[in-house]
Amino acid sequence: MSEVAKLDRHDIVGIVTIDSPPVNALSAAVRGGILDNVNAAIADPAIKAIVLTCGGRTFIAGADITEFGKPPKPPALNDVLSAIENSPKPVIAAIHGTALGGGLEVALACHYRVATKEAKLGLPEVKLGLLPGAGGTQRLPRAVGPELAVKMIVGGDPIGAAEALKSGLIEEIIEGPASGGEAFARKVLAENRPLRKLRDDESKIAAAKADRSIFTNAVAAITKKSRGLEAPFAAADAVGYAIDLPFDEGLKKEREGFLKLVASDQSKAQRYAFFAEREAAKIAGVPEGTKGRKVERVAIIGAGTMGGGIAMSFANAGVPVTLIETAEEQLRRGMGIMQKNWEATAARGGIPADAPAKRMALINGVVGLENVGDADLIIEAVFETMAVKKEVFGKLDQYAKPGAVLASNTSYLNIDDIAKQTSRPQDVLGMHFFSPANVMKLCEIVRAEKTAPDALVTAVSIARKIAKVPAVVGVCDGFVGNRMLAQRGKQAEKLLFEGALPQQVDAVVTKFGMPMGPFAMGDLAGLDIGWRSRKDRGIKSEIADALCEAGRFGQKTGKGYYKYEAGSRAPLPDPDVERLIDETLAKLGLKRRAVSDEEILERMMYPMINEGAKILAEGIAARPSDIDVVWLYGYGWPIYRGGPMYWADSVGLKHIAERLAFYAKETNDPSLEPAPLLKKLADEGKTFASLAQGKAA
Ligand code: T1G
């Protein structure tokens, strides 16, 4: 018997248990283990019913993603599924944890499915740039109907056990998976229930067969958010085969679609991103096995936009929060906004109707820092000036309990300087959330000079607990994301002085796949913020200053680089801005030239990659994939392009270094000279990936 699966005989019920940590992924060994043990159970005359279950924390979480791109090893998953589906004895899938991808496809080949109440069931293959490749697109519509099947397969999000029960995907909600599965198997035998094969049941797709718009409307609704991605559309086509074709033909077409996607650049980038995200949670330089500190209560200092969003993230994960403000009025306003946000989400059906009240109950609003009480983690989200941060941390040093982790949400200030305000620099680090903090996934964990390893582990694990994606970064101006973004902003500004218009630059960046371009982003954030900072530092930027002097601060004033109709956030090109740019250039004696889209794209992306190379060389980021995680989850870098450093490797570092050297000369801008590390890798014909180890290499 294989070491990853076994067959236990409980008189007339055979229990096949898969045990292949960490997530029982369908490696070749697991596929072989299932096949051997199911066949052994079929061959044993004493066994009348078979339960398929898993040890560890979850049912099968899918195909083994590390096997993709390598020569396939037998048995093929579809062969395993056929053996299950054609078994002369009923096979029951007993699910706990997450039955995902190939895991749910195994369960769909079983005659019945039961699950524990916390279980989640899904076909998330599109998130890896794939489509379900083992019958999921043909069996799931037959199990739950085309609308829910499209939502699960094209959207990629799992459903919970309750919804699975309601939709008919599972028969019952059970207690422990094995015992619950066995009890259900005995019921199937006692009631002499049929060997129900989904492939033969067309009852739930009959309506869509008669009126295909049921299916096409469901697809149109869900693919609205799939700009630039190939997999959602291919997955939708595959579900269409279940409506249009006999089962075996549909299965064949599904396989063709899967094989095309698994070889695609988009899927390779998305699989890279999957491992990069997990690699980022492994902190370089921290001794293996370092334990984090316990975090049962968090205190957030500041109930403004960021503090409120951060508090919501913790409450969303069920972590009690002490929310501290300097006065009742600010506290009340902040808590009111949180309540309103949750109620709006509940009204849209995004969270249960009783969730807002439950989550508000987790927030204890108080006035005064002395009320940090027994918080294990304190996150400061106050006004972004060093003076205020130093004052707050000086007081936290007095009031916080020993061992509490003290985090600043600053987006660029020096954490080492902040830590010096305390007697416990080992407990101080940065947790840089991205606005809106209750929505954006990224959390840059800023490692200061004296930050203790276990404090870092605490911050990374609590970030993951609240469904954030942590990336550990070093102390420098702008850490990783904003430091690279600043280089793009600089070039964007220069392009206006050379002849490009905001809408042309932004169009190139959004066509590449970013959610918005630099000028629309400036209008969203508010141009007055940069204006104030430039004035503080005595820096001029003629075009941006002229816009602000004309009161054009962006969306907040209805005009910035663009104009905005009342109630709309859609940026509209404004002839007044073109006139203002022409006048400014005339004053400076500059003439506009035609700037190509290709030049714009290169000057938007390559300076950021150049800064990424400097960030790696300085050790501000430990891995190129950590930089990619920052951009994927903090700035909306298109997942199907893997991240700036991954994309740079696909473009070729030699080409990028040459183009940077060209622009450095052409625009007389030494900051565009290729960074030493970029030049070295380019000269050696290497990639950024060659610097990394682990699965994200
Ligand atoms: N294959 C290989 N390794 C996997 C894996 C997988 N499917 N899923 C997780 N891991 C590793 C992960 O890299 C990490 O490794 C460890 O397990 C813990 O993961 C044929 C083609 C299940 C919800 O997309 O969503 O089936 O870092 O940190 O937060 O149609 O893992 O410890 O070395 O994420 O508790 C479809 C992917 C595959 C599910 C658990 N399935 N996994 O989350 O732990 S394609 C998926 C997840 C497919 C079929 C198609 C999550 C999780 P390490 P973790 P977690």
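Predicted model: local features only at pLDDT ≥ 70, side-chain atom pairs only at ≥ 80, totals over all residues.
Which helix gives the most to the shell around the ligand? Helix H12 does, with 3 residues.

Residues are numbered from 1 along each chain as its sequence is written, and side-chain values use heavy atoms, with hydrogens and water left out.

Let me begin with the overall layout. The protein chain is assigned domain 1 (5–265), domain 2 (298–479), domain 3 (515–588) and domain 4 (597–694); such bounds come from an automatic or database domain assignment. Between the C-alpha centres of domain 1 and domain 2 there are 40 Å.

Now to the ligand. A residue is near a molecule or strand if one of its heavy atoms lies within 4 Å of it. There are 29 residues around the ligand, and those that come nearest are Arg57, Ala63, Glu105, Arg278 and Lys282. By class, 16 are nonpolar, 5 polar and 8 charged. Here Ala, Val, Leu, Ile, Met, Phe, Trp, Tyr, Cys and Pro count as nonpolar, Asp, Glu, Lys and Arg as charged, and the others, Gly among them, as polar.

Which backbone atoms approach the ligand? A polar contact is a pair of N or O atoms within 3.5 Å; within protein, one must be able to donate a hydrogen and the other to accept it, and residues adjacent in sequence count only if both atoms are side-chain atoms. A backbone N or O atom of Ala61 lies 2.9 Å from a nitrogen atom of the ligand. A polar backbone atom of Ala63 is 2.7 Å from a ligand oxygen, and for a polar backbone atom of Gly133 the distance to a ligand oxygen is 2.8 Å. On its own the ligand has 1,000 Å² of accessible area, of which the protein covers 80%; areas come from the Shrake-Rupley method with a 1.4 Å probe, and for residues only the protein chains shown count as cover.

Two or more residues of the shell come from each of strand E5 (98–100), helix H3 (102–109) and helix H12 (265–280). Helices (H or I, at least four residues) and strands (E, at least two) are DSSP runs, numbered from the N terminus.

Is Ser264 buried or exposed? Ser264 counts as buried because its relative accessibility is 12%; buried means under 20% relative accessible area, exposed over 50%, and partly exposed in between (1.4 Å probe, protein chains only). A polar side-chain atom of Ser264 lies 2.6 Å from the backbone oxygen of Leu261, and the Ser264 side chain also reaches the backbone nitrogen of Ser267 at 3.1 Å.

Finally, some backbone features. The peptide bond from Pro74 to Pro75 is cis, with omega near -5°, and Pro75 is in the loop between strand E3 (49–54) and helix H2 (77–85). Another cis peptide bond joins Ser435 and Pro436, with omega about -5°. Asn24, although not a glycine, has a positive phi of about 55°; Asn24 counts as buried because its relative accessibility is 2%. Ala467 is likewise not a glycine and has a positive phi of about 60°, but with a relative accessible area of 46% Ala467 is partly exposed.
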